[in-house]
Amino acid sequence: MPLNRHKSQDLFKDAKEILPGGVNSPVRAFGAVGGEPLFIERAEGPYLYDADGNRYIDYIGSWGPAIIGHAHPEVVSAVSDVMSKGFSFGAPTEIETKLAQKIRQLVPSMEMMRFVSSGTEACMSALRLARGFTGRNKLIKYNGCYHGHADMLLVKAGSGVATLGIPGSPGVPEGATHDTLVAPFNDLAATEALLNENKEQVAAIIIEPIAGNANFIRPSQEFIQGLRKLCDEHQTLLIFDEVMTGFRVHLNCAQGLFGVKPDLSTFGKVIGGGMPIGVYGGRRDVMNKVAPAGPVYQAGTLSGNPLAVTCGMKTLELLENKYSFTELSNRTNRLAVGLRDAARKNGVTLSSDSEGGMFGFAFSEAMPKNFDDAKAANIEAFNHFFAAMIDEGVYLAPSAYEAGFVSTTHSDDDIDATIEAAAKVFSTMSQ
Ligand code: PLP
């Protein structure tokens with residue numbers, strides 16, 4: 001039964017009149033799945049409540065930050081205490097150092113770091129630093145990986161132009177992406193070839209260590225460890241963009257999980273617990289080049305503001321001390337396996353995978369190994385499934401190319417209810 005969404009529909013009409021596409025970030029518009037967005041009024045634990053009063057089990061978690069659920073009472077209380085003392089001073093505060101120390105305790109490669117206000121800024125700044133440090137201009141990214149919307153990273157790389165920097169959006173001048181080289185994910189030989197063709201010119205390789213913006217693409221151990229070796233051989237900096245995977249796939253992040261130490265890393269999402277934040281950091285000798293310690297300029301009016309830092313600090317503390325990451329991983333795995341089994345029982349081809357509190361599923365025989373695989377899955381089946389799940393009160397990411405997220409507040413009952421709802425939907429779509 002379709003849910004009543006009249007208020008959401010009216011609110012969307014008003015929004016479209018004044019906000020481009022009715023939203024402040026494109027994927028929220030549900031355009032990829034041919035629907036209209038739900039306007040959310042509040043959220044609590046694993047649940048979202050829309051303007052019409054419908055409740056959903058939320059597997060987006062604000063696109064990753066809500067790892068201990070929405071509006072956790074201890075986080076709300078910590079933020080409220082700080083808020084009453086002022087929102088932002090544009091001056092140093094003790095808590096910034098404390099959050100940095102907490103991040104370094106969990107991710108030892110982060111010897112020094114700089115807070116910014118978004119994942120986009122973190123990646124953009126890390127690359128400026130890599131270029132400043134190495135004196136080289138080129139960078140390598142992977143097809144299907146998203147690192148925010150800085151010009152040089154907005155490179156659309158279809159298979160035929162996989163190694164050319166073609167701007168992925170009007171407004172991005174060719175000059176901005178000229179030095180951006182693109183390789184297929186999980187393809188070490190292609191990466192090596194790019195490094196050899198551009199000897200002593202590649203400042204950095206940037207990668208999502210598990211690609212979550214092209215469904216859920218796991219790197220082979222050979223690939224991810226091979227990148228470290230290649231970077232050492234070519235004196236190219238290895239940057240892990242852990243904006244999504246950071247404190248999401250493992251308490252020590254993807255780098256702890258895979259046992260690979262990047263030169264620089266970027267984080268966002270979980271480290272702000274839902275407030276705007278990002279951070280980049282890594283090797284001390286590299287980070288010491290950041291202004292005012294060094295010459296590479298980067299600044300921000302709201303960088304390290306007390307609200308975001310407190311929200312992130314409390315979130316990380318609770319995640320580390322109050323909740324079990326193993327339990328979160330097991331529950332997420334149960335969801336991924338449950339969805340796959342329910343599909344197959346109903347004659348629907350589906351594969352799935354998960355790591356920590358992050359999961360993905362694809363309407364294909366096997367999980368994608370690169371972006372071309374992800375694009376080859378049955379996207380129509382996904383769109384149908386997504387819309388039907390909304391009507392069952394389950395809020396999944398509105399795109400076949402996005403990973404999903406489970407929080408420590410999702411109960412076994414929530415997972416069971418989700419699998420049950422999925423089985424019901426699959427039974428109507430046998431192929
Ligand atoms: N890097 C990755 C891996 C991301 O998933 C995102 C956002 O989804 C970003 C960077 C950009 O972060 P933000 O949206 O905070 O600018």
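**Exercise 1. Find the element that holds Cys253, then say whether Cys253 is buried or exposed.**

Start with the element: Cys253 is found in helix H8. Helices here are DSSP runs of H or I with at least four residues, strands are runs of E with at least two, and both are numbered from the N terminus. Keep in mind that this is a predicted model, where local features need pLDDT of at least 70, side-chain atom pairs count only at pLDDT 80 or more, and totals for chains, interfaces and linings use all residues. Residues are numbered from 1 along each chain as its sequence is written.

Next, burial. A residue is buried if 20 or more other C-beta atoms lie within 10 Å of its own, exposed if 12 or fewer, and partly exposed in between, with C-beta atoms placed from the backbone. Cys253 has 26 C-beta neighbours inside 10 Å, so it counts as buried.

Last, the backbone: Cys253 has a positive phi of about 70° although it is not a glycine. Most residues other than glycine have a negative phi, and most peptide bonds are trans.

**Exercise 2. Which loop holds Phe247, and what is its phi?**

Look between strand S10 (237-241) and helix H8 (253-258): Phe247 is in that loop. Its phi is positive, about 60°, although Phe247 is not a glycine. Now count: 28 other C-beta atoms lie within 10 Å, so Phe247 is buried.

**Exercise 3. Which peptide bond is cis, the one joining Ala291 to what residue?**

The partner is Pro292, and omega of this cis bond is about 10°. To place Pro292, go to the loop between H9 and helix H10 (306-321).

**Exercise 4. What does UniProt list for Lys269, and where does Lys269 lie?**

First the record: an unreviewed UniProt entry lists Lys269 as "modified residue: N6-(pyridoxal phosphate)lysine". UniProt positions are given in the numbering used here, feature names are shortened, and annotations may be inferred rather than shown by experiment.

Then the place: Lys269 sits in the loop between strand S11 (264-267) and strand S12 (278-282). Lys269 counts as buried because it has 27 C-beta neighbours inside 10 Å.

Finally, its contacts (C-beta atoms, placed from the backbone, within 7 Å). Not counting residues up to four places away in sequence, Lys269 touches Trp63, Gly64, Pro65, Gly119, Val243, Met244 and Gly246.

**Exercise 5. Which strands pair with S5, and how many bridges join them?**

Two strands pair if DSSP finds at least two bridges between them. Strands of a sheet pair through backbone hydrogen bonds, either parallel or antiparallel.

- Strand S9 (residues 202-207) pairs with S5 in the parallel sense over three bridges. Leu139 stands opposite Ala204 in S9.
- Strand S8 (residues 180-183) runs parallel to S5, joined by four bridges. Here Tyr142 stands opposite Ala183.

Now check the cover. In strand S5 (residues 138-142), five of its five residues are buried. Lys138, Ile140 and Tyr142 are on one side, with Leu139 and Lys141 on the other.

**Exercise 6. What is the strand order in the open sheet of four strands, and which strands are at its edges?**

Read the order off: S1-S2-S3-S15, with mixed pairing. The edge strands are S1 (40-44) and S15 (394-395), since each pairs on one side only.

Note on methods
Contact = placed C-beta atoms within 7 Å.
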